[in-house]
Amino acid sequence: IEAQSVKGIMEKFNASTDADFKTRALFIKEERCDLVKHHLWVLWTDYFKPDHLKEYPNLNDLFWMATKTAGEAKKSTDVVVADRLLAEIDDIAEIFWATKK
């Protein structure tokens, strides 16, 4: 949810001419990016086990990339970065749901 709000905030930021709104939007976006990183970290460290890594050897790389992209989104207002973050989270979610079966 936070990653979707990051994208929405970026879109609103880019469409606005209100300096006060833009300042607040940046602050909120940065908070949401930190939450994305936190949630990714918790999922990575608390849910996924060594057996998952054997079955999905790219899992560490997926988390590393998504966490790095969340950091990039924190410093950016480029919606392309947010789209990449959402795609990376979708890749992780696909594996998560496959392991829940």
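This is a short tour of the model, one selection at a time.

**Before you start**

The model is predicted: local features need pLDDT of at least 70, side-chain atom pairs count only at pLDDT 80 or more, and totals for chains, interfaces and linings use all residues. Residues are numbered from 1 along each chain as its sequence is written, and side-chain values use heavy atoms, with hydrogens and water left out.

**Stop 1: the whole protein**

Show everything as a cartoon. You will find 5 helices and 0 strands, giving the pattern α-α-α-α-α along the sequence. Helices (H or I, at least four residues) and strands (E, at least two) are DSSP runs, numbered from the N terminus. Along the principal axes, the C-alpha atoms fill a box of roughly 50 × 20 × 20 Å.

Now colour by pLDDT, the predictor's confidence in each residue, from 0 to 100. The average is 95, and 99% of the residues score at least 70. Where is confidence lowest, and where is it highest? Helix H1 (residues 2–15) has the lowest mean, 91, while helix H4 (residues 59–74) has the highest, 97.

**Stop 2**

Two packed helices are described by the angle between their axes and the distance between the axes. Axes are lines fitted to C-alpha atoms, for helices over the stretch in contact, and angles run from 0 to 180 degrees between N-to-C directions.

Select H1 and H2. Their axes come within 9 Å and cross at roughly 160 degrees. That makes H1 roughly antiparallel to H2; angles under 35 degrees count as roughly parallel, over 145 as roughly antiparallel, 65 to 115 as roughly perpendicular and the rest as oblique. The crossing is left-handed, meaning that the near helix is turned anticlockwise from the far one by less than a right angle (clockwise would be right-handed).

Show side chains to see the contact (heavy atoms within 4.5 Å). Among the residues involved are Val-6, Ile-9 and Phe-13 of H1 and Phe-21, Leu-26 and Val-36 of H2. The contact residues divide into 12 nonpolar, 2 polar and 5 charged. Here Ala, Val, Leu, Ile, Met, Phe, Trp, Tyr, Cys and Pro count as nonpolar, Asp, Glu, Lys and Arg as charged, and the others, Gly among them, as polar.

**Stop 3: H1 against H5**

The contact includes Met-10 and Asn-14 of H1, and Leu-85 and Ile-89 of H5. Its residues divide into 8 nonpolar, 2 polar and 3 charged.

**Stop 4: H2 against H5**

Next, select helix H2 (residues 19–47) and helix H5 (residues 79–99), which pack at an angle of about 25 degrees with their axes 13 Å apart. That makes H2 roughly parallel to H5. H2 passes H5 in a left-handed crossing. On the H2 side, pick Val-36, Leu-40, Leu-43 and Tyr-47; they meet Leu-85, Ile-89, Ile-92, Phe-96 and Thr-99 in H5. These residues divide into 8 nonpolar, 1 polar and no charged.

**Stop 5: a salt bridge**

The structure holds 4 salt bridges (a side-chain nitrogen of Lys or Arg within 4 Å of a carboxyl oxygen of Asp or Glu). For one of them, select Lys-74 and Asp-34, whose closest N and O atoms are 3.0 Å apart. The pair links distant parts of the chain, with Lys-74 in helix H4 and Asp-34 in helix H2, 40 residues apart.
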